[in-house]
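Hi,

Here is the structure I promised to pass on. My notes on it follow below.

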Amino acid sequence: LVDDVQFLSGQDRTQEEFFYIFEELHRSNGQMVITSDRLPRQIDKLEDRLRSRFEGGLMVDIQIPDLETRIAIFRKKTSSRGIDISEEVARAVATRLPSNIRELEGIANRILAQSQFMKEQVTLEMVEQILDTVAPLNTPGKGPIAPVITRPGVLPSEGFR
């Protein structure tokens with residue numbers, strides 16, 4: 001399993017060694033799983049022989065999991081740590097953390113630590129406090145300030161906040 005293979009770009013000696021490893025695995029009917037945030041043809045300075053071998057394999061585009069899948073993943077993470085959570089808590093966490101599964105795992109660890117440290121049951125309020133430190137909600141009045149656009153040298157007499 002090789003993660004972030006795009007970082008081989010421009011690493012000539014490393015690419016050469018990687019090629020020999022790849023060939024040996026191929027000869028021995030071994031398997032290799034590589035990940036990248038780009039398609040092989042989009043990786044600059046990648047040897048053609050590696051590019052062609054990467055493109056000869058099965059390529060799968062993995063997307064961000066939907067809400068129900070994130071809820072299931074979070075419930076699995078908490079369950080494996082011995083934490084009993086409600087559907088409401090799982091939904092709140094999965095809704096606030098839409099794109100990163102590692103964050104779900106981190107929140108599960110924080111919930112466990114706080115629950116054990118404080119000797120408290122896991123509640124929605126406890127989890128929302130934890131979430132507020134990691135993934136705060138946008139609150140009214142805290143959003144970006146709208147710019148004032150005018151001609152040079154002319155200031156509007158109204159509209160300032």
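By class, how many nonpolar, polar and charged residues does the lining of the largest pocket have? The lining has 17 nonpolar, 10 polar and seven charged residues (Ala, Val, Leu, Ile, Met, Phe, Trp, Tyr, Cys and Pro count as nonpolar, Asp, Glu, Lys and Arg as charged, and the others, Gly among them, as polar).

Keep in mind that this is a predicted model: local features need pLDDT of at least 70 and side-chain atom pairs pLDDT 80 or more, while totals for chains, interfaces and linings use all residues. Residues are numbered from 1 along each chain as its sequence is written, and side-chain values use heavy atoms, without hydrogens and water.

Back to the pocket (on a 1 Å grid over the protein atoms alone, an open set of points where a 1.4 Å probe fits, with protein on both sides within 12 Å along at least five of seven lines; lining residues have an atom within 4 Å of a point). In the largest pocket, 34 residues form the lining, and V33, I34, T35, S36 and V60 lie nearest the centre. Helix α1 gives the most to this lining, with three residues (helices are DSSP runs of H or I, at least four residues, numbered from the N terminus).

On to the rings: the whole structure has three aromatic pairs (Phe, Tyr or Trp rings, the six-membered one for Trp, with centres within 6.5 Å; planes under 30 degrees apart are stacked, over 60 edge-to-face, the rest tilted). F18 and F54 have ring centres 5.9 Å apart and planes at 80°, so this pair is edge-to-face. Because F18 lies in α1 and F54 in α2, the pair ties together parts 36 residues apart in sequence.

Cheers

Key:
Helix = DSSP H or I, 4+ residues; strand = E, 2+ residues; numbered from the N terminus.
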